[in-house]
Amino acid sequence: MIEKPPLKPLSLTIFFPCYNEEANVEQVTRKAVEVGRQVADDLEVLIVNDGSKDGTKEIADRLAEEIPEVRAVHNNPNRGYGGALQRGFREATKNWIFYTDGDGQFDLGEIPRVLPLLAQYDIVSCYRLDRKDPFMRKANAFAWSTLVNMLFHIGVKDIDGAFKFYPKSFIDAIELHSTGALIDTEMLAKARNLNLSIGQVGVNHYPRTAGEQTGANLKVILRAFKELFKLYRQIKREGKKSGAEGARG
Ligand SMILES: Nc1nc2c(ncn2[C@@H]2O[C@H](COP(=O)(O)OP(=O)(O)O)[C@@H](O)[C@H]2O)c(=O)[nH]1
Ligand SMILES: [Mg+2]
């Protein structure tokens, strides 16, 4: 079973992956520190620089030097979105882990509103209220979400919404394999296998104002499908195991 950490006092790691986010990383980090200090008693802000080729590394290191709660880790070379999230989850030292994107498309100021849901649920997964992405991107995402929910019975509205809270004890209990965009699906499917409850609430989503979106290029999509088939087989195997345990009580 997963032990749910206390919410008071709150021990919290906030992390975000950054791939070529030199125009966004500083603002996102400062906001994370500001909001994190309001809600957490023990705070860590972790910048996961995923092998950026621009100035992200230098800015992240400078912020880590300047602000006591901030730490920067660097994947080198780039490991992909899932690889970056895996790194963040592994490096996080606090009892609760919140992650979002490092591109400023979410408002970390919404954390205090979302956080209380953790009193009722093991995990909180937010959905984008009015997703500010190109139409084709949204249509693809809808088809993908429908497929994935069907395959894994996840029952989450916006699987890839990057505004989620997980208990560290859950991360310690699972093994993550996805290095691409499937990582969110993998985590939520594994949470369902362990019978964890998932709370959902809407958050605002903003257009990217700087830097480049790479979340929907063909390479990313093909990799996601490849990982999808692997995950499907794996979850079926694990589901059978945990189902058997469940039957024993
Ligand atoms: N696409 C992509 N994003 C990465 C990677 N590593 C880290 N990221 C970060 O993941 C977040 C989401 O990326 P983005 O391209 O904005 O995807 P989208 O918002 O889903 O369109 C951003 O904060 C990126 O900086 C990577 O290898 N590929
Ligand atoms: Mg984005």
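User: Hi! Before we look at the metal, what counts as a donor here?

Analyst: Hi! Donors are N, O and S atoms within 2.8 Å of the metal, with 3.2 Å used for Na, K and Ca; water is not among the atoms, so sites may look incomplete. Keep in mind too that this is a predicted model.

User: Got it. Which residues coordinate the magnesium ion?

Analyst: Asp 103, through OD, and Gln 105, through OE1, coordinate the magnesium ion, which is ligand 2. The distances run from 1.9 to 2.2 Å.

User: And are Asp 103 and Gln 105 buried or exposed?

Analyst: Both Asp 103 and Gln 105 are buried.

User: Okay, switching to ligand 1. How many residues surround it, and which are the closest?

Analyst: Ligand 1 has 17 residues around it, and the closest are Glu 21, Asp 50, Arg 137, Gln 213 and Thr 214. By type, the shell divides into four nonpolar, seven polar and six charged residues.

User: What does Glu 21 do at an oxygen atom of ligand 1?

Analyst: Glu 21 places a polar side-chain atom 2.6 Å from an oxygen atom of ligand 1. Tyr 19 comes in with its backbone instead: one of its N or O atoms there lies 2.7 Å from a ligand 1 oxygen. Arg 208 has a side-chain N or O atom 2.9 Å from an oxygen of ligand 1.

User: Nice. How much of ligand 1 does the protein bury?

Analyst: The protein buries 91% of the 540 Å² that ligand 1 exposes when taken alone. The elements giving two or more residues to the shell are β1 (11–18) and α3 (80–91).

User: New topic: helix α7. How many of its residues are buried?

Analyst: Nine of the 11 residues in α7, which spans 183–193, are buried, so the helix is mostly covered. Among them are Ile 183, Asp 184, Met 187 and Lys 190.

User: Which side chain does Asp 184 join in a polar contact?

Analyst: The side chain of Tyr 99, in a polar contact of 2.2 Å. Leaving out residues up to four places away in sequence, Asp 184 touches Tyr 81, Leu 85, Tyr 99, Ile 159, Asp 160 and Lys 164.

Note on methods
Residues are numbered from 1 along each chain as its sequence is written. Chains are lettered from A and ligands numbered from 1 in the order in which they are written. This is a predicted model: local features need pLDDT of at least 70, side-chain atom pairs count only at pLDDT 80 or more; totals for chains, interfaces and linings use all residues. Side-chain values use heavy atoms; hydrogens and water are left out. Buried means under 20% relative accessible area, exposed over 50%, partly exposed in between (1.4 Å probe, protein chains only). Helices (H or I, at least four residues) and strands (E, at least two) are DSSP runs, numbered from the N terminus. A polar contact is a pair of N or O atoms within 3.5 Å; within protein, one must be able to donate a hydrogen and the other to accept it, and residues adjacent in sequence count only if both atoms are side-chain atoms. Contact means heavy atoms within 4.5 Å. A residue is near a molecule or strand if one of its heavy atoms lies within 4 Å of it. Accessible areas come from the Shrake-Rupley method with a 1.4 Å probe; for residues, only the protein chains shown count as cover. Ala, Val, Leu, Ile, Met, Phe, Trp, Tyr, Cys and Pro count as nonpolar, Asp, Glu, Lys and Arg as charged, and the others, Gly among them, as polar.
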